[in-house]
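Please read each one with the structure open beside it.

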Amino acid sequence: MNRMSKDKIETGRTAIGIEFGSTRIKAVMVDDTGAPIAEGSHDWENQYVDGIWTYSLDMIWNGLQDAYSALAKDVETKYGTVIKTTGAIGISAMMHGYMPFDAEGKLLVPFRTWRNTITEEAAKELTGEFGFNIPQRWSIAHLHQAILNGESHVKDIEFLTTLAGYIHWQLTGEKVLGVGDASGMFPIDSSTRDYNKDYMSKYDQLTAGKGFGWKLGDILPKVLVAGEAAGTLTAEGAAKLDVSGNLGAGIPLCPPEGDAGTGMVATNSVAVRTGNVSAGTSIFAMVVMEQPLKAVHEEIDVVTTPSGDDVAMVHCNNCTSDINAWAGIFRSFAEAIGADIDTNTLYTTLFKAALDGAPDCGGLMGFNYFSGEPVCGFDAGRPLFVRKVGSDFSFANFMRLHLYSAVSTLKVGLDILFKEEDVKVDKLYGHGGFFKTKEVGQRILSAATGGPITVMSTAGEGGAWGIAVLALYLIQSGSDSLSDYLTKTIFAGEAGETITATPEEVQGFDSFMELFKAALPVEKSAVECIPAE
């Protein structure tokens with residue numbers, strides 16, 4: 001038993017971070033140095049109900065309580081003590097989406113997650129109105145689409161927030177949001193670290209005369225930056241979080257953040273000219289910019305760091321789901337021949353095989369689109385594998401294809417960012433499940449971007465660790481900026497491991513992308529010809 005950690009737990013010299021990811025809710029406890037000392041998790045999956053990707057409120061609360069309970073059990077097992085307090089708590093979740101509430105706090109429609117591609121009309125109208133790209137998954141696009149659809153609930157909206165904002169509100173009573181998460185609801189003015197007032201005025205003019213009893217500023221959460229107080233855990237909130245009743249009230253919470261912001265923190269990429277790629281169920285790249293983009297690009301979002309600095313974001317809805325599906329096929333085959341294979345060995349074997357494939361995948365082609373992919377103009381998807389009769393159909397090429405497919409749509413957006421906008425990045429970090437197998441994911445992404453990819457030893461800790469660090473920053477920041485705090489305190493001496501693809505690998509990926517773009521009509525035909533259900 002680590003007596004020092006036990007003492008820190010019992011005296012509250014810790015912080016707890018909880019993040020709602022697409023497939024897992026994870027809770028992490030760190031000590032006052034940022035080192036993880038305990039964790040718990042809960043697996044979940046979104047549901048497709050009445051044409052909407054959603055998670056029910058019961059799923060949200062059962063998952064939160066189960067993840068926290070697993071964390072508390074891990075603490076008790078490792079250190080022989082119970083969690084009664086902590087220095088600070090942070091809540092993070094998938095960004096964007098739509099959670100509107102009425103005056104009684106009732107959710108007016110089922111939670112519409114980021115994965116939905118049902119707001120094309122609204123997104124296009126708002127992008128034209130603002131002269132600023134509004135993606136389909138943003139909260140304002142969902143709100144405006146509901147208005148265009150004539151949905152009756154809109155007039156009753158009292159509060160509109162994200163998943164992280166909802167949980168934080170229920171735990172503290174505070175209707176606030178971290179600036180990074182808020183930047184996925186409505187555009188942020190980086191000079192004020194708040195919603196863009198000109199765009200808000202334009203939106204209120206758009207909705208004037210429709211009979212709503214609200215203006216946009218009335219229903220959005222208050223914006224906070226990293227390090228600002230965001231309320232404390234209420235007695236009711238403590239009871240909702242910890243069903244055992246051990247956790248006390250009064251614990252401070254940092255501003256709730258989105259998974260993009262926690263990914264930036266987890267990779268120490270909140271400074272200008274740094275960036276990161278988060279690759280799991282979805283994949284997105286974030287680059288902190290020196291200056292605004294020169295043009296509006298539907299493929300690129302502009303969001304912010306948890307401190308409010310402008311970030312160019314390329315977000316793709318699909319990444320590893322198709323790899324996971326094929327892994328299930330290979331597992332089934334192994335079981336059919338009587339082979340017992342654990343999950344880690346299965347994925348390591350599949351990923352490592354890809355490195356033996358041809359740089360261009362030997363002519364194999366595929367799309368990993370489980371859902372729509374707006375970067376390439378798709379509002380729905382069909383996983384697809386295509387090959388010519390004469391293609392080199394080997395196991396290695398097959399796996400390399402699926403790893404290429406996982407990052408190919410991201411490359412479409414990054415090419416715009418780096419080649420058309422000439423955005424500069426000194427370091428690009430990778431994190432998420434795609435990079436778990438040593439070297440493989442890094443090398444594939446490096447081939448796609450044409451530059452080096454660095455993975456920190458902490459990258460595997462993920463967003464739950466990132467929001468735990470933001471909770472620590474709340475109580476430890478002093479006069480340090482978030483970037484300085486991360487560099488001097490959390491990542492001191494941590495350089496990470498960097499891999500650069502060979503020129504042949506970069507050229508091979510470019511050749512693959514030529515075929516990928518040429519084959520987009522095939523994917524379009526699959527969407528049109530094969531029913532979703």
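Predicted model: local features only at pLDDT ≥ 70, side-chain atom pairs only at ≥ 80, totals over all residues.

1. Beyond its neighbours within four places in sequence, threonine 162 is in contact with His96, Met99, Ser139, Leu177, Asp181 and Met185. Threonine 162 sits in the loop between strand E8 (159-161) and helix H5 (163-172). With a relative accessible area of 0%, threonine 162 is buried, because buried means under 20%. Its side chain also reaches the backbone nitrogen of glycine 165, at 3.2 Å.

2. Next, strand E1 (residues 14-20). Are its residues buried or exposed? Seven of the seven are buried, so E1 is largely enclosed by the rest of the structure. In a regular strand, side chains alternate between the two faces of the sheet. In E1, Thr14, Ile16, Ile18 and Phe20 point one way, while Ala15, Gly17 and Glu19 point the other way. Note that Glu19 is among the buried residues here.

3. Which strands pair with E1? One is strand E2 (residues 24-31), which pairs with E1 in the antiparallel sense over seven bridges. Three residues separate E1 and E2, and the two strands form a hairpin. Within this pair, glycine 17 stands opposite valine 28 of E2. The other is strand E6 (residues 88-93), which runs parallel to E1 and is joined to it by six bridges. Phenylalanine 20 has alanine 93 of E6 as its bridge partner.

4. These strands belong to an open sheet of five, in the order E3-E2-E1-E6-E13, with mixed pairing. Strand E3 (36-43) and strand E13 (257-258) stand at the edges, each with a single partner strand, so one side of each has no neighbour in the sheet. E13 runs parallel to E6, and two bridges join them. Serine 92 is opposite glutamate 257 of E13. Helix H15 (residues 462-476) packs on the sheet and touches E1, E2, E3, E6 and E13. The direction of H15 makes about 140 degrees with that of E1.

5. Now the nonpolar cores. The largest has 125 residues, and Leu143, Phe434 and Phe516 have the most contacts inside it. Helix H13 (residues 395-420) gives the most to this core, with twelve residues.

6. Phenylalanine 434 deserves a look of its own. Leaving out neighbours within four places in sequence, phenylalanine 434 is in contact with Ala279, Thr320, Ile323, Phe351, Leu403, Ala406, Val407, Gly441 and Ile444.

7. Helix H14 (residues 440-449) is mostly covered, with nine of its ten residues buried. Val440, Gly441, Gln442, Arg443, Ile444, Leu445, Ser446, Ala447 and Ala448 are the buried ones. What covers them includes strand E14 (274-279), helix H12 (343-354), H13, strand E21 (453-455), strand E22 (497-499) and helix H17 (503-518). After H14 comes glycine 450, which has a positive phi, near 80 degrees.

8. Isoleucine 416 is found in helix H13. Its relative accessible area is 8%, so isoleucine 416 counts as buried. Apart from neighbours within four places in sequence, its contacts are His297, Glu299, Ile300 and Glu421. Isoleucine 416 and glutamine 170 are 246 residues apart along the chain, and their C-alpha atoms are separated by 40 Å.

9. Lastly, the cysteines. How many disulfides does a search of the whole structure find? The search finds zero. For cysteine 316, the nearest cysteine sulfur is that of cysteine 376, 7.5 Å away, and cysteine 316 is in no disulfide. Cysteine 316 is buried, at a relative accessible area of 0%. Cysteine 361 is in no disulfide either; the nearest cysteine sulfur, that of cysteine 319, is 15 Å away. Cysteine 361 also counts as buried, at 0% relative accessibility.

Technical notes
Residues numbered from 1 in each chain as written. Heavy atoms only, no water. Helix = DSSP H or I, 4+ residues; strand = E, 2+ residues; numbered from the N terminus. Buried < 20%, exposed > 50% of the residue type's maximum accessible area, 1.4 Å probe, protein only. Polar contact = N/O pair within 3.5 Å; in protein donor to acceptor, adjacent residues only side chain to side chain. Contact = heavy atoms within 4.5 Å. Core = buried A, V, L, I, M, F, W, Y, C linked by side-chain atoms within 4.5 Å. Pairing = 2+ DSSP bridges. Axes fitted to C-alpha atoms, helices over the stretch in contact; angles between N-to-C directions. Disulfide = S-S within 2.5 Å.
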